[in-house]
Amino acid sequence: VHSMTTDGHADGGEDEEVEYPGPLSAPQRLVRAATFWSRALPVVASYFRLQAEFNLRERILGECLDEAECEVLWDETHE
């Protein structure tokens, strides 16, 4: 655990000690990275999937959605 003392000049209070956790071990870093990617990857994939759908509609079907329709689909993806 790393600690640092802050000077209390900003709020007029006394010095207080703030403790920071030490560096993560290799297994802890792997678990943290796996947790991040397990949450981030589905979001990123949904954005790529929607963009691919727009491209497919435009190239193959000749459909071009107007900006309002695209905005609705993007908003649904964000939820």
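Reader: Where is glutamate 67 placed, and what makes that stretch a helix?

Author: Glutamate 67 sits in helix H2 (residues 67–78). Helices here are DSSP runs of H or I with at least four residues, numbered from the N terminus. This is a predicted model: local features need pLDDT of at least 70, side-chain atom pairs count only at pLDDT 80 or more, and totals for chains, interfaces and linings use all residues. Residues are numbered from 1 along each chain as its sequence is written, and side-chain values use heavy atoms, leaving out hydrogens and water.

Reader: Why does glutamate 67 count as exposed?

Author: Its relative accessibility is 68%, and exposed means over 50%, buried under 20% and partly exposed in between (1.4 Å probe, protein chains only). Glutamate 67 is therefore exposed.

Reader: Why is tryptophan 74 called partly exposed?

Author: Happy to explain: tryptophan 74 has a relative accessible area of 22%, so it is partly exposed. Tyrosine 47, at 30%, is partly exposed too.

Reader: How many aromatic pairs are there, and what makes phenylalanine 36 and tryptophan 37 one of them?

Author: The count is 3 aromatic pairs. Rings of Phe, Tyr and Trp (its six-membered ring) pair if their centres lie within 6.5 Å; planes under 30 degrees apart are stacked, over 60 edge-to-face and the rest tilted. Phenylalanine 36 and tryptophan 37 are 4.9 Å apart centre to centre with 80° between the planes, an edge-to-face pair.

Reader: Why is the pair of tyrosine 47 and tryptophan 74 called tilted?

Author: Their ring centres are 6.0 Å apart and their planes lie at 55°, so the pair is tilted. This pair links distant parts of the chain, with tyrosine 47 in helix H1 (residues 26–61) and tryptophan 74 in helix H2, 27 residues apart.

Technical notes: Helices (H or I, at least four residues) and strands (E, at least two) are DSSP runs, numbered from the N terminus.
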